[in-house]
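Here are a few notes to read alongside the model, written for someone opening it for the first time. Take the points in any order you like.

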Amino acid sequence: MKRRSLPVAAALAASAALLLTACGGGDDGPDNDKIAGADQGSATPEESAKPSTAPAEDKPDGVDLSLPKDMNLVFDWEKPENKNEAAAMDDAANFFRAIYRGVDKRTANDAAVAAYATGGGLKYARTQIEAWIEGGWTATGTLRHYDATTRSAENGTSVEVAFCADSSKFYGKEVETNKVLTTNTSIEDFDHYKIIMVKYPTGEGLWQASKVFVETKAEKCQ
């Protein structure tokens, strides 16, 4: 979540610090030989998907991931040839769609969040959503994700999905006033993520985010 002009900056900076502490963020990522969290199993989603009138393309796995027209999440990456890695990459994108659907719907308990997150990933998603809600903000603009790579664990049940995110055109918007909190582009708009995706045992092709590592102010993403 990008930082804004005060008083928004103070609240979001505090939220970012909490996320990095609670969810294994910062510069420390998985080493070259073992994917961090690869031994962590997938938990059963806490809330089942509810019937929805959303278009079919907004309902992968039967879960509503539709977002408002002014909230544009772009995933500018190519899928790997490995079937599991491609599926994990798709659901890493769905994990972020679920987060911002929660922001839009003003709830951290949306069915999409429960479907695409478990363990530390679920804690990360809910902490993000709750920070936006408590601040009285929703989001608007374009959040771009790019330069993605994937790496499988030897057991075949975990995939690391790493990528950059550019939030220079993605802003907070006050829910009560609709005021958009614009900022000038800076290094604070660029983050690097490593998401540990785990295969949900009873869902065909469904992967859940189990751990989230975040490097903020990522120069390699500029």
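1. Start with Phe-75, which stands opposite His-145 in strand β2. Keep in mind that this is a predicted model. The strands involved, β1 (residues 71-76) and β2 (residues 137-152), run parallel and are joined by six bridges.

2. Now look at the two sides of β1. Met-71, Leu-73 and Phe-75 make up its covered face, while Asn-72, Val-74 and Asp-76 are on the uncovered one.

3. Arg-144 has another neighbour worth a look: its charged end sits over the ring of Tyr-146, 4.2 Å from the ring's centre.

4. On to the aromatics. How many aromatic pairs does the structure hold? There are nine. One of them is Tyr-100 with Trp-132, an edge-to-face pair at 6.2 Å centre to centre, with 80° between the planes. Tyr-100 is in helix α2 (residues 83-105) and Trp-132 in helix α4 (residues 119-135), so the contact ties together parts 32 residues apart in sequence. Both residues are buried.

5. Phe-163 and Tyr-193 are arranged another way: they are stacked, 5.4 Å centre to centre and with 20° between the planes. Phe-163 belongs to strand β3 (residues 158-174) and Tyr-193 to strand β5 (residues 190-199), 30 residues apart. Phe-163 is buried at a relative accessible area of 0%, and Tyr-193 counts as buried at 6%. Both belong to a cluster of linked ring pairs that also takes in Phe-75, Trp-77, Phe-95, Phe-96 and Tyr-124.

6. Which cysteines does the disulfide join? Searching the whole structure turns up one disulfide, and it joins Cys-164 to Cys-221, S to S 2.1 Å. The torsion about the S-S bond is about -75°, so the disulfide is left-handed. Cys-164 is in β3 and Cys-221 in the segment after β6 (207-215), 57 residues apart. Cys-164 is buried at 3% relative accessibility, and Cys-221 is buried with a relative accessible area of 3%.

7. Among the residues it touches are Phe-163 and both Cys-164 and Cys-221, along with Phe-213, Val-214 and Glu-215. At 12% relative accessibility, His-192 counts as buried.

8. Back to charges: the count comes to nine salt bridges. One of them pairs Lys-173 with Asp-70, the closest N and O atoms being 3.0 Å apart. Lys-173 is in β3 and Asp-70 in the loop between α1 (8-22) and β1, 103 residues apart. Is Lys-173 buried or exposed? It is buried, with a relative accessible area of 15%, whereas Asp-70 is partly exposed at 31%.

9. Last, Asp-90 forms a salt bridge with Lys-79, at 3.1 Å between the closest N and O atoms. Asp-90 counts as partly exposed at 29% relative accessibility, while Lys-79 counts as exposed at 54%. Elsewhere, salt bridges link Asp-64, Arg-101 and Asp-110 in a network.

Notes:
Residues are numbered from 1 along each chain as its sequence is written. This is a predicted model: local features need pLDDT of at least 70, side-chain atom pairs count only at pLDDT 80 or more; totals for chains, interfaces and linings use all residues. Side-chain values use heavy atoms; hydrogens and water are left out. Buried means under 20% relative accessible area, exposed over 50%, partly exposed in between (1.4 Å probe, protein chains only). Helices (H or I, at least four residues) and strands (E, at least two) are DSSP runs, numbered from the N terminus. Two strands pair if DSSP finds at least two bridges between them. Rings of Phe, Tyr and Trp (its six-membered ring) pair if their centres lie within 6.5 Å; planes under 30 degrees apart count as stacked, over 60 as edge-to-face and the rest as tilted. A charge sits over a ring if NZ of Lys or CZ of Arg is within 6 Å of the ring centre and within 35 degrees of the ring normal. A disulfide is a pair of cysteine sulfur atoms within 2.5 Å. Contact means heavy atoms within 4.5 Å. A salt bridge is a side-chain nitrogen of Lys or Arg within 4 Å of a carboxyl oxygen of Asp or Glu. Lists of a residue's contacts leave out its neighbours within four places in sequence.
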